[in-house]
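Let's take a friendly walk through a protein model, one stop at a time. Have the sequence and the 3D view ready beside you.

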Amino acid sequence: MREKATTLYLGPQHPGITGNMMIRLKVEGDTIVGATTEVGYLHRAFEKLQEKRNWLQSFTLMCRFCVPETDPMEESYARAVEAIEGREVPERAKYIRVMVLELARLASFMLWYGGQNGSLGLYTMGQWSVGDRNYILDLFEELTGGRVYHMYIWPGGVRRDLPKGFEQRVLKTLNYLEKRLDDYDDLMFDNAIFKKRVQGVGIVNKEKAIEHGVVGPVLRGCGIKSDIRIDDPYEVYDKLDFEVPTSDGADIWARALVRRREARQSIRIIRQVIDMMPGGSVYNKIPNPQKWTLPKGDAYVRTESVRGEIGMYIASDGGLNPRRVHLRGAAYVHAITLLEDVLIGENIADVSAIMNSLGTCPPEIER
Amino acid sequence: MNMQEIKENLITHVKANFPEAAEKEFDGNRLDFNVDKQCIPSILTYLKDRLGYIHLSHIACVDWLEEGEFEIIFIVWSPEEKMKVFIRTRIDREKPVMPNIDMIWRQANTYERELREMFGVEFIGLEAPDEFLLEDWGGPPPMRRDFDTEAYADDTFWHRPGREDALDVREEIIRRSREEIPDFAKKYSR
Amino acid sequence: MINDKNSQKIVDIIQNWSRKHSIWVLAYGTGCGAIEIPPTMTSRYDAERLGVRGAATPRQADVLLITGYLTTKTLKRVIRVYEQMQDPKYVIGFGSCTINGGMYYDSYNTIKVLDKYLPVDVYINGCMPRPEAVLAGFGKLQQLIAEGKANGATKYKENLEWYRGNQKKIIPNWVMPEYNW
């Protein structure tokens with residue numbers, strides 16, 4: 001006999017959910033037959049606040065959009081403002097930006113390692129990877145003064161030059177992390193429990209990916225080679241040599257394999273950047289921020305974050321403040337329509353793993 | 001094909017089917033088309049199915065309060081040609097109505113829900129729950145330029161007053177370190 | 001039953017001492033401060049050595065961590081969660097935006113002063129507070145508990161009408177159960 005569908009509220013207070021959001025599940029037994037996401041628990045109205053802030057004050061709001069990885073937003077904002085104004089960025093600043101972005105990616109991957117395993121009840125990985133993530137945050141602290149919010153990449157370059165001997169400390173940390181990534185592989189990808197729980201779960205195939213406008217590792221996990229850093233290169237990514245890993249499985253396992261190889265590519269990029277780093281100044285002075293106006297126009301820039309493409313649209317009316325800033329993160333497409341679609345037919349116990357695998361980050365949706 | 005040829009090719013194709021579309025060229029891989037709102041679904045379908053612009057990257061809305069118009073911008077991306085195309089349209093601010101495009105790309109549904117809530121733009125035939133980010137919101141659509149967020153916050157929420165016993169810390173620093181404040185710093189009073 | 005005043009005192013001391021060493025934090029990341037909770041709980045900072053650990057549901061939790069700004073929509077859920085928690089319970093306001101709104105002082109959707117709506121025992125300032133600051137905040141809470149001064153829950157019960165009035169002012173559609181303790 002078929003059981004009657006029951007409604008189950010997952011979140012906003014739930015240990016397995018990836019942030020402050022809620023999913024209303026319709027379940028028959030243990031199987032999900034319908035899902036509706038409800039978001040808006042983190043809506044701070046950044047875009048409204050920025051209409052009242054000047055161009056430099058807006059920049060401090062930028063990094064607070066989504067916390068696991070704060071630098072892509074700063075970089076997008078800086079690059080969009082530079083595009084509207086036509087401001088040049090010194091070569092050295094571009095290399096430093098790439099280094100910071102890739103360090104942020106690496107830190108975000110470490111958090112993902114912990115989250116993906118924690119969602120399946122494997123807590124050892126969280127102790128390892130989130131603990132090791134602190135070494136990257138220490139570097140950020142030395143460079144920018146903050147562990148999470150850096151406010152370092154600003155229009156015109158970066159805020160200050162690298163401290164003396166910083167490159168060596170980065171390389172030392174990378175050598176350590178590279179060894180640790182092998183340990184993570186032993187713990188995660190050789191783990192029978194992890195394999196059994198994730199293989200064949202949370203399928204996003206090619207057709208679904210195109211229909212839903214999927215981006216980032218989820219798109220690469222279904223065999224489509226797509227990366228903003230290659231397709232629409234920004235900063236100095238076109239001068240760097242790195243691979244875009246793909247996988248054909250289209251399930252959580254495939255996306256985990258993609259991320260595992262991407263973390264190593266990030267290390268490779270940082271090493272290249274440190275080798276190629278030119279000298280010179282790190283920022284072109286901006287005018288007095290109280291009087292700084294941008295010409296009328298708009299710009300749309302895209303950045304590759306760990307979760308996928310981040311798009312930032314900025315319109316200027318020639319005044320002191322942005323006319324309109326609109327940010328779209330990867331979770332904006334992943335966490336609502338795609339998640340509602342993917343969850344159907346899955347088990348309740350797998351919801352958390354699927355959300356982690358799709359890169360659901362609620363603050364990015366709600367801003 | 002280099003970027004200029006791609007752009008010319010694209011303009012020829014779009015112009016042949018949508019003669020009223022007004023193009024604007026930019027440096028790099030960006031091309032703008034200004035169109036009427038009625039042909040938004042058809043031009044997007046044409047770009048997606050015929051020209052390979054398979055990725056809808058963004059839908060943004062700008063409130064031009066002084067001109068009494070909303071500008072809606074659709075940004076599509078072609079992974080083959082590495083080109084961003086902006087489809088822009090202007091609609092009346094008083095009765096903002098737009099055609100719905102969420103049958104072309106499913107994720108457009110989310111963008112449209114947000115525009116409906118934040119700007120009050122109505123999308124004909126949009127099927128989605130009424131509330132997206134806000135709950136029990138009684139005021140005007142908040143992202144419109146004429147909504148004053150600071151006045152609303154002052155009316156609705158408490159603000160913690162500043163401390164009355166707050167001292168000018170610079171005097172304390174001088175007392176401790178016996179250093180003078182430079183003249184240029186004196187004008188930045190607390 | 002213990003009626004002797006001195007014996008009651010000794011019982012209180014033992015109770016507070018044991019409560020102090022077992023603080024279970026509700027796993028509810030209400031804002032962006034939730035990003036510094038995993039580092040605090042994991043190997044480097046290891047809050048569990050102080051008896052601080054996560055709890056999955058409100059019924060088992062002792063501490064409600066308000067990690068940052070609260071939107072009006074979340075506030076409704078937070079009140080519900082707080083009222084589901086069992087005594088003894090404490091609230092920690094985490095981050096500048098719980099104290100005075102922080103950089104969202106003019107946002108139409110976030111509350112500015114948390115202690116108008118919930119009784120806050122300890123505030124941790126900073127944006128973002130470091131794990132050391134979080135540990136210091138828990139240390140302060142432990143000290144208050146040992147001294148018997150962390151009585152936010154009692155304050156909430158005694159002044160329920162005032163808190164309810166404030167809460168209902170910004171939550172127009174009040175569909176929550178009315179508790180009477």
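At what angle do the axes of helix 4 and helix 5 of chain A cross? Keep in mind as you look that this is a predicted model. Helix 4 of chain A covers residues 91-118 and helix 5 of chain A covers residues 124-144, and their axes cross at roughly 165 degrees. The two axes come within 8 Å. Angles over 145 degrees count as roughly antiparallel, so helix 4 of chain A is roughly antiparallel to helix 5 of chain A. If you follow how helix 4 of chain A passes helix 5 of chain A, you will find a left-handed crossing.

Now let's see who meets whom. From helix 4 of chain A, the residues at the contact include A:L103, A:L106, A:M110 and A:G114. From helix 5 of chain A, they include A:R133, A:I136, A:L139 and A:F140. Sorted by class, the contact between these helices has 12 nonpolar, five polar and two charged residues.

Let's stay with A:L103 for a moment. Setting aside neighbours within four places in sequence, A:L103 is in contact with A:I136, A:L139, A:F140 and A:I270. A:L103 also belongs to the largest nonpolar core, which has 202 residues. Within that core, A:L103 and C:I92 touch the most other members. Helix 4 of chain A gives the core its largest share, 16 residues. In soluble globular proteins, nonpolar side chains tend to be buried together.

Next, look at where the chains touch. The contact between chain A and chain C takes 27 residues from chain A and 30 residues from chain C. On the chain C side, helix 2 (37-41) and helix 3 (72-84) are the elements that give two or more residues. Helix 3 of chain C provides the largest share, four residues. By class, the chain C side divides into 14 nonpolar, 10 polar and six charged residues. Chain C also touches chain B: here 14 residues of chain C are in contact with 13 residues of chain B. The chain B side of that contact divides into five nonpolar, four polar and four charged residues.

Our last stop is in chain B. Is B:G139 buried or exposed? Count the other C-beta atoms within 10 Å of B:G139 and you get 10, so B:G139 is exposed. B:G139 sits in the loop between strand 7 (122-124) and helix 4 (149-156) of chain B. Beyond its neighbours within four places in sequence, B:G139 is in contact with B:F147 and B:Y152. B:G139 and B:Y152 are 13 residues apart in sequence, and 9.4 Å separates them in space, C-alpha to C-alpha.

Conventions. Residues numbered from 1 in each chain as written. Chains lettered and ligands numbered in written order. Predicted model: local features only at pLDDT ≥ 70, side-chain atom pairs only at ≥ 80, totals over all residues. Axes fitted to C-alpha atoms, helices over the stretch in contact; angles between N-to-C directions. Parallel < 35°, antiparallel > 145°, perpendicular 65-115°, else oblique. Left-handed = near helix turned anticlockwise from the far one by under 90°. Contact = placed C-beta atoms within 7 Å. Nonpolar A, V, L, I, M, F, W, Y, C, P; charged D, E, K, R; others polar. Core = buried A, V, L, I, M, F, W, Y, C linked by C-beta atoms within 7 Å. Buried ≥ 20, exposed ≤ 12 C-beta atoms within 10 Å, placed from the backbone.
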